[in-house]
Amino acid sequence: MRLFVFYKKKITPVIFKILTIILVLLILYMIFSYATTMRDTGKDMVNTSGGFYSQVPTVENATITLRQFEDSEIKYHIDIDGTDECQGVYGFVQIITSKHTLDNYLNIAKEFISTNVFDLRESSAMSGNLSGKEWTYRTGKSYTKQHFYTVGNSEIMIISLSMPNEMKNNGEKSVVFEKLFTDIEKNFTV
């Protein structure tokens with residue numbers, strides 16, 4: 001019986017040390033994860049790993065909602081939902097990390113594009129001092145316009161806005177859509 005008590009006393013410090021090490025590692029992981037992901041600090045969105053920094057703009061006729069992606073190539077993402085005269089318009093602004101150039105990234109994206117996408121058109125795009133690419137296409141339900149820009153080392157910004165086909169076929173709604181797209185792009189590119 002004495003031997004068991006001695007053994008129990010010796011094993012307890014070992015288990016305590018192991019549990020302490022596990023706890024410290026868990027805390028360090030949580031701190032590192034928090035420090036290297038996007039955080040909402042009021043209106044300022046900060047990627048503290050040295051990536052993109054932007055103040056989330058206010059865009060007329062749209063609601064903007066931050067989404068966070070842990071352990072992902074997506075460094076920054078906001079959802080856009082049209083309001084008032086832009087009701088039914090939706091999209092996103094996203095900054096991703098890619099090991100490919102913009103042209104290679106788009107070529108790969110074309111290979112994996114959905115079969116219900118048709119009338120895909122690609123052209124050049126300019127915003128401020130950024131040059132990039134524009135895609136427009138339709139699906140059975142919607143019209144989509146996307147701009148792609150290289151914004152840093154291995155980073156690509158994607159601005160994407162969609163609207164139902166019925167809206168695209170309405171001249172007034174198309175003008176409102178284009179204005180919203182321009183407002184969003186102007187607020188996110190330098």
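1. Thr136 is placed in strand S8. Strands are DSSP runs of E with at least two residues, helices are runs of H or I with at least four, and both are numbered from the N terminus. Thr136 has a relative accessible area of 12%, so the residue is buried. Here buried means under 20% relative accessible area, exposed means over 50%, and partly exposed lies in between (1.4 Å probe, protein chains only). Leaving out residues up to four places away in sequence, Thr136 touches Asp119, Leu120, Arg121, Tyr143, Thr144 and Lys145. A contact means heavy atoms within 4.5 Å.

2. Some ground rules. This is a predicted model, in which local features need pLDDT of at least 70 and side-chain atom pairs count only at pLDDT 80 or more, while totals for chains, interfaces and linings use all residues. Residues are numbered from 1 along each chain as its sequence is written, and side-chain values use heavy atoms, with hydrogens and water left out.

3. Check the confidence. The pLDDT is the predictor's confidence in each residue, from 0 to 100. The protein chain averages 80, and 78% of the residues score at least 70. Over residues 36-53 the pLDDT is below 50, yet this stretch has 47 contacts in the model beyond near neighbours in sequence. Where pLDDT is low, the predicted coordinates should not be read in detail.

4. Now look at strand S9, residues 142-152. Of its 11 residues, 8 are buried, so S9 is largely enclosed by the rest of the structure. Strand S8 (residues 130-138) runs antiparallel to S9, and 7 bridges join them. Two strands pair if DSSP finds at least two bridges between them. The S8 and S9 hairpin has 3 residues between the strands. Across this pairing, Tyr137 stands opposite Thr144 in S9.

5. S9 has another partner. It is joined by 10 bridges to strand S10 (residues 155-164), and the two run antiparallel. Tyr149 stands opposite Met157 in S10. The hairpin of S9 and S10 has 2 residues between the strands, and Ser154 takes a positive phi near 65° there.

6. How many aromatic pairs are there? The count is 2. Rings of Phe, Tyr and Trp (its six-membered ring) pair if their centres lie within 6.5 Å; planes under 30 degrees apart count as stacked, over 60 as edge-to-face, and the rest as tilted. The ring centres of Trp135 and Phe148 are 5.2 Å apart and their planes are at 65°, so this pair is edge-to-face. The pair links distant parts of the chain, with Trp135 in strand S8 and Phe148 in strand S9, 13 residues apart. Trp135 and Phe148 are both buried.

7. Tyr143 and Phe177 also form an edge-to-face aromatic pair, with 5.8 Å centre to centre and 70° between the planes. Tyr143 is in strand S9 and Phe177 in helix H4 (residues 171-188), 34 residues apart. Tyr143 counts as buried at 9% relative accessibility. Phe177 counts as buried at 1%.

8. Lys168 lies over the face of Tyr143, at 4.2 Å from the ring centre. Lys145 lies over the face of Phe181, at 4.7 Å from the ring centre.

9. Finally, helix H2 (residues 102-111). Leu102, Tyr105 and Leu106 are buried in H2. They cover an arc of only 95° around the axis, so they are on the same side of H2. The arc is that of the directions from the helix axis to the C-beta atoms. The buried residues of H2 pack against strand S6 (90-97), strand S7 (118-127), S8, S9 and S10.

Terms used
A charge sits over a ring if NZ of Lys or CZ of Arg is within 6 Å of the ring centre and within 35 degrees of the ring normal.
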